[in-house]
Amino acid sequence: TSTTRTQTIFQSYKDSLNKAYDRRERLIKTSRDVTIHSKRLIFHLHRVKSSPPTDVFRGALEQTREIYGLWRRVGEEVEAACVEEDMKGMEWRFGHAWKSGLQEFIESQLLYHWLFLLLRPSNPDIAAYPPPPIRPSLPPNILLTPTDWMEGMADFTGEVMRLSVAGWGADLKGVNMADLVRAVLGEMLKLEPSVPKKDRDKLVMVKQNLRKIEEARYNAEIRKAENVQP
């Protein structure tokens, strides 16, 4: 009967929507796991202020591999969805589900790469624990947008600011954290035209981080001058 056919059609719609909802929830949960692990990695990397670099980078590589394992899980989920729904090439539909996790991940990896390049010349043993390249190590269906890069870079400058305010890196030759943040700001300004206006607040945050670094450096110079004996 027509009633039965209608019920069958609506039941099919219901099953399809439930499946899509369940998949979205799995993606969101995995993205939360990426966020949590990335935050732990950032905290771990801040141990560079007080722990042997070899221990810090060994642990950082192990944690990074765990995070990439989570991304592989996301990639497999998205691939299955596109195959089931015959929507190959429409991976962007799922981007909102992992957006927050991706930005936290970028922040943690930029910090890892920067500290590794900074400390490797004086700590050759850490060469055994290099950070994997970001884009090639992610599944190809995990899309990285200019907004993702911009917000991840902005958050990275916050970590640089915290290290600077804590006085770390002052004894490293050729290291100028203010110049680094200025360079990041310059790259972000290049991306600005490709980023929605609602996501440009991060530029303000980077400028604030730069000001805090400059103030911390100025205060350190003042204290150093005061301690100089006449």
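This is a predicted model: local features need pLDDT of at least 70, side-chain atom pairs count only at pLDDT 80 or more; totals for chains, interfaces and linings use all residues.

Let me start with helix α1, residues 2–45, and helix α3, residues 95–119. Their axes are 8 Å apart, and the packing angle is about 20 degrees. Angles under 35 degrees count as roughly parallel, so α1 is roughly parallel to α3. The crossing of α1 past α3 is left-handed. As for what sits in that contact, there are 12 nonpolar residues, 8 polar ones and 4 charged ones.

Now the other partner of α1 that I want to show. How are α1 and α2 arranged, at what angle and how far apart are their axes? The angle is about 170 degrees, and the axes are 10 Å apart. The cut-off for roughly antiparallel is over 145 degrees, so α1 is roughly antiparallel to α2. Here too the crossing is left-handed. The contact of α1 with α2 holds 12 nonpolar, 7 polar and 10 charged residues.

Next, the aromatic rings. How many aromatic pairs does a search of the whole structure find? The search finds 6. One of the pairs is Tyr68 with Phe105: the ring centres are 5.3 Å apart and the planes stand at 85 degrees. Planes over 60 degrees apart count as edge-to-face, so that is what we call this pair. Tyr68 belongs to helix α2, residues 53–84, and Phe105 to helix α3, so the pair ties together parts that are 37 residues apart in sequence. Are these two residues buried or exposed? Tyr68 and Phe105 are both buried.

There is also a cluster of rings. Phe57, Tyr112 and Phe116 are linked into it by ring pairs.

You will find Glu159 in helix α5, which covers residues 146–165. Why does Glu159 count as buried? Its relative accessibility is 7%, and buried means under 20%. Leaving out residues up to four places away in sequence, Glu159 touches Ile42, His46, Glu107 and Leu111.

To recap the packing: α1 is roughly parallel to α3 and roughly antiparallel to α2. That is the end of the tour.

Key
Residues are numbered from 1 along each chain as its sequence is written. Side-chain values use heavy atoms; hydrogens and water are left out. Axes are lines fitted to C-alpha atoms, for helices over the stretch in contact, and angles run from 0 to 180 degrees between N-to-C directions. Helices (H or I, at least four residues) and strands (E, at least two) are DSSP runs, numbered from the N terminus. Angles under 35 degrees count as roughly parallel, over 145 as roughly antiparallel, 65 to 115 as roughly perpendicular and the rest as oblique. A crossing is left-handed if the near helix is turned anticlockwise from the far one by less than a right angle, and right-handed if clockwise. Ala, Val, Leu, Ile, Met, Phe, Trp, Tyr, Cys and Pro count as nonpolar, Asp, Glu, Lys and Arg as charged, and the others, Gly among them, as polar. Buried means under 20% relative accessible area, exposed over 50%, partly exposed in between (1.4 Å probe, protein chains only). Contact means heavy atoms within 4.5 Å. Rings of Phe, Tyr and Trp (its six-membered ring) pair if their centres lie within 6.5 Å; planes under 30 degrees apart count as stacked, over 60 as edge-to-face and the rest as tilted.
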